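Hi,

Here is the structure I said I would pass on.

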Amino acid sequence: KMRNLVSMIIVINPEFFGGIEVFKLLMKQMSGELHASKPQPGFERVMVPGEPEMLNAQRSKTSGVPVAKSVYESLTKNAMAQA
């Protein structure tokens with residue numbers, strides 16, 4: 001079964017923002033402001049882009065990678081067929 005997945009990559013040249021050090025400072029300030037924002041009901045905190053993925057990667061390193069049951073069954077079925 002085909003899955004409809006989409007990817008997007010944005011490249012930013014920090015020179016357009018006054019150089020790398022100014023860009024880092026602006027990003028740190030913006031992240032701090034976002035983290036200080038009150039989250040919507042049902043959420044623990046406000047995160048910046050990439051932060052949920054970073055947290056999931058860290059969790060996967062310690063707890064393993066979660067796999068949907070249907071994916072696991074498909075992988076093991078195909079592995080058994082190859083054996």
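Let me start with Lys 24, which is partly exposed, with a relative accessible area of 47%. Keep in mind that this is a predicted model.

The side chain of Lys 24 meets that of Glu 21 in a salt bridge, at 4.0 Å from N to O. Glu 21 counts as exposed, because its relative accessibility is 56% and the cut-off for exposed is over 50%. Both residues belong to helix α1 (residues 20-36), where they are 3 residues apart, so about one helical turn separates them. In general, an α-helix has 3.6 residues a turn, so residues three or four places apart point the same way.

How many salt bridges does the structure hold? There are 3. Another one pairs Lys 69 with Glu 73, at 3.9 Å from N to O. These two are 4 residues apart in helix α3, so here too the separation is about one helical turn. Lys 69 is exposed, at 62% relative accessibility, while Glu 73 is partly exposed, at 41%.

Is Glu 51 buried or exposed? It is buried, because its relative accessible area is 10% and buried means under 20%. Arg 45, at 40% relative accessibility, is partly exposed.

If you leave aside the neighbours within four places in sequence, Glu 51 is in contact with His 35 and Arg 45.

Glu 51 sits in helix α2, which covers residues 51-63. This helix has 13 residues and spans 18 Å from its first C-alpha to its last, close to the 18 Å expected at 1.5 Å a residue. Just after α2 comes Gly 64, with a positive phi of about 95°.

The mean pLDDT of the chain is 90, and 98% of the residues reach 70 or more. Helix α2 has the highest confidence, at 95, and helix α3 (residues 69-82) the lowest, at a mean of 84.

Cheers

How values were computed
Residues are numbered from 1 along each chain as its sequence is written. This is a predicted model: local features need pLDDT of at least 70, side-chain atom pairs count only at pLDDT 80 or more; totals for chains, interfaces and linings use all residues. Side-chain values use heavy atoms; hydrogens and water are left out. Buried means under 20% relative accessible area, exposed over 50%, partly exposed in between (1.4 Å probe, protein chains only). Contact means heavy atoms within 4.5 Å. pLDDT is the predictor's confidence in each residue, from 0 to 100. The expected span of a helix is 1.5 Å times one less than its number of residues.
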